[in-house]
Amino acid sequence: MQPNELAAIQADAIVVGGGVAGLTAALKLAPHRVILLLNAPLGAGAATNWAQGGISAAIAPDDSPRQHASDTLTAAAGIADAAIVALATREAPRCIEELIALGARFDRTPGGDIALGREAAHSVNRILHIGGDGTGAGLMHALITAVRDCPSITVAENFAAEELLQDQGRVYGVIARATDQTDANAVSLQAAAVVLATGGIGGLYTVTTNPPGCSGAGLAMAANAGAKLSDLEFVQFHPTAMDVGRSPAPLATEALRGEGAVLVNELGERFMLDAHPEAELAPRDIVARTIWRQVRDGHKPYLDCRTAIGEKFPERFPTVFALANAAGINPSTDLIPVAPAAHYHMGGIATDCNGRTNLPGLWACGEVAATGLHGANRLASNSLLEGLVFGARAALDISAQYNTAGGQHAARAAHSQFQSYDAPELAPAVQRLREIMSVHAGVMRCETGLRTALTELNELMAMVGNRSARISNMLIAARLICEAALQRRESRGGHYREDYPATDPDQQHRSFSYSADAVADKQKTYAYA
Ligand SMILES: Cc1cc2nc3c(=O)[nH]c(=O)nc-3n(C[C@H](O)[C@H](O)[C@H](O)COP(=O)(O)OP(=O)(O)OC[C@H]3O[C@@H](n4cnc5c(N)ncnc54)[C@H](O)[C@@H]3O)c2cc1C
């Protein structure tokens, strides 16, 4: 699609992002006219596509939404929003039914029931899979087929949103630019509602499991517009990304450890035994920190699946097997080198139970949003669920509010503040940003390191100027995470401060913030929620 064709489309809503959250929102908005804006081809840039573990839902006879909620609250280290947790876990079984109706083919037992697996910190079997460890790809296949068949959705592939359009506080559109053309001009797209579903922030770190396009653009755009933000300090590091020199790092799913795979170092020592009573099945943050310390102390950590899984590997974990093979490793017979990798952002744009932000006209859902479901630590397999539940709820909220208002907007001229979307000559600045975040705002943090990070990020910001929307948004997102990490002077869930290693009961609450730059911009009007 050409930029002028896109700009000419009359839409009721613009959904930015095509993972589980954005696709669900776009589908549920029908028959309202939606522009689905994606910075990559449909499916390609989404973390959803790579999800291996599965989706959680209390559908077993020995399970209940209440039990699912209880496990979620326990994992969240004391600061999840109990009402949101109850809502999401209650709606989970219905989401599964809807996915089946859309054509999702969940793995079944020989008797025909949906097969349910277990993951760490779930007290019963409640994880649904598609194609073993290909759940995300299976889910995307069903959603993408439905989106392609939906006449109210215009899919705009390879267009990145770079700024929100705003008038007296109300968000009325986005500025976007083609990512597959050099020197592309920015286009202004306007609609009654904008939904940000841009995913996470893993791309801000040198080692991440996320697709490269998940680098905090939605978070930065919303922050610049004055959106309320929450829990930004909480980043989950997956303990067992494959350390095979690839970026993004392929993931060795937690389910491998669930099957009995163990962590050893180059001396053959099973180092998790001394670290936690649950050994390899300890909470993710504890396993990640233990692996990080092994590396710091000069050891080489490996995942050993040879005894527990062995010959069954290709059949039980076909996706991981293929990823390992591509790196020259046969996990049935070889050790897999592993390292912690930035994996999931618990924090994001603060939203209510309907995906509403504090800014009129702006909704957010999926990983870019902070509903309060995950608190300080996400329970495995709850994030696909979050995208389904809150993508749908945002769409229903928009439909209810704007049933008649869509497409009524007089087009207003809008200009980008940036010279271009990307600037390849600034690649060293991106590399530096990632190093700063990994060293100072990664698995372990401290005040000195975070202050150093902020100073260096500010220097990079001054150097980059307005040359690239993509890199400026990355820098803004990185800075916001460092600021939040500096503010929380304790360790909790995914946030570990070496200078404050204990959890402080007085800080058992979510954090909320605004971008200082946006607040300083007197032209913005806020709707403080
Ligand atoms: C390797 C891996 C395995 C995982 N396994 C599981 C699992 O088993 N179970 C589970 O529950 N969770 C899992 N997660 C987490 C889960 O996959 C994500 O949290 C979830 O898929 C996020 O969905 P989303 O729709 O919010 O974002 P994504 O699926 O990441 O989609 C984001 C979309 O936004 C687009 N985008 C980004 N910026 C822009 C922009 N500026 N303009 C236009 N488009 C933009 C991207 O192209 C993409 O289409 C895993 C994550 C990874 C990385």
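Visitor: How much of the chain counts as buried?
Guide: Of its 529 residues, 57% are buried. Keep in mind that this is a predicted model.

Visitor: What share of the contacts join residues at least 24 apart?
Guide: That share is 73%, counted among contacts between residues at least 6 apart in sequence.

Visitor: Let's look at helices. How do α12 and α13 cross?
Guide: Helix α12 covers residues 427-440 and helix α13 covers residues 447-464. Their axes come within 9 Å and cross at roughly 170 degrees. An angle over 145 degrees counts as roughly antiparallel, and that makes α12 roughly antiparallel to α13.

Visitor: Which residues meet there?
Guide: From α12 they are Ala429, Arg432, Leu433, Ile436, Val439 and His440. In α13 they meet Gly449, Leu450, Thr452, Ala453, Glu456, Leu457, Leu460, Met463 and Val464.

Visitor: What classes are the residues in that contact?
Guide: Ten are nonpolar, three are polar and two are charged.

Visitor: What about α4 and α11, how do they cross?
Guide: Helix α4 (residues 82-102) and helix α11 (residues 383-402) have axes that come within 10 Å and cross at roughly 85 degrees. The two helices are therefore roughly perpendicular to each other.

Visitor: Which residues make the contact?
Guide: On the α4 side they are Ala88, Glu91, Ala92 and Cys95, and on the α11 side Leu385, Glu386, Leu388 and Val389. By class, six of the residues in this contact are nonpolar, none are polar and two are charged.

Visitor: New topic, the ligand. How many residues surround it?
Guide: There are 44, and the closest are Gly19, Gly45, Gly53, Gly199 and Gly366.

Visitor: Which elements give two or more residues to that shell?
Guide: They are α2 (20-28), α5 (135-148), β7 (159-167), α6 (217-225) and α11.

Visitor: And how does the shell divide by class?
Guide: It has 20 nonpolar residues, 23 polar and one charged.

Visitor: You listed α6 there. How many of its residues are buried?
Guide: Nine of the nine residues of α6 are buried, so the helix is largely enclosed by the rest of the structure. They are Ala217, Gly218, Leu219, Ala220, Met221, Ala222, Ala223, Asn224 and Ala225.

Visitor: What follows α6?
Guide: Gly226 does, and its phi is positive, near 100 degrees.

Visitor: What about α2? Is Ala25 buried or exposed?
Guide: Ala25, which sits in helix α2, counts as buried because it has 33 C-beta neighbours inside 10 Å. A count of 20 or more is what buried requires.

Visitor: Which residues does Ala25 touch?
Guide: Leaving aside residues up to four places away in sequence, Ala25 touches Val15, Val195, Ala197, Cys365, Gly391, Ala394 and Ala395.

Visitor: How far apart are Ala25 and Leu36?
Guide: They are eleven residues apart in sequence, and their C-alpha atoms are 9.7 Å apart in space.

Visitor: Now the backbone. Which peptide bonds are cis?
Guide: Pro31 lies in the loop between α2 and β2 (34-37). Another is the bond from Ser247 to Pro248, with omega near -5 degrees. Pro248 is in the loop between β12 (235-242) and α7 (254-258).

Visitor: Why point those out?
Guide: Most peptide bonds are trans. Likewise, most residues other than glycine have a negative phi.

Visitor: Where is Asp231, and what is its phi?
Guide: Asp231 lies in the loop between β11 (229-230) and β12. Its phi is positive, near 55 degrees. With 28 C-beta neighbours inside 10 Å, Asp231 counts as buried.

Visitor: And Ala279, what is its phi?
Guide: The phi of Ala279 is also a positive value, near 50 degrees. Ala279 is in the loop between β13 (262-264) and α8 (284-296). This residue is partly exposed, with 17 other C-beta atoms within 10 Å.

Note on methods. Residues are numbered from 1 along each chain as its sequence is written. This is a predicted model: local features need pLDDT of at least 70, side-chain atom pairs count only at pLDDT 80 or more; totals for chains, interfaces and linings use all residues. Axes are lines fitted to C-alpha atoms, for helices over the stretch in contact, and angles run from 0 to 180 degrees between N-to-C directions. Helices (H or I, at least four residues) and strands (E, at least two) are DSSP runs, numbered from the N terminus. Angles under 35 degrees count as roughly parallel, over 145 as roughly antiparallel, 65 to 115 as roughly perpendicular and the rest as oblique. Two residues are in contact if their C-beta atoms, placed from the backbone, lie within 7 Å. Ala, Val, Leu, Ile, Met, Phe, Trp, Tyr, Cys and Pro count as nonpolar, Asp, Glu, Lys and Arg as charged, and the others, Gly among them, as polar. A residue is near a molecule or strand if its C-beta atom, placed from the backbone, lies within 6 Å of it. A residue is buried if 20 or more other C-beta atoms lie within 10 Å of its own, exposed if 12 or fewer, and partly exposed in between; C-beta atoms are placed from the backbone.
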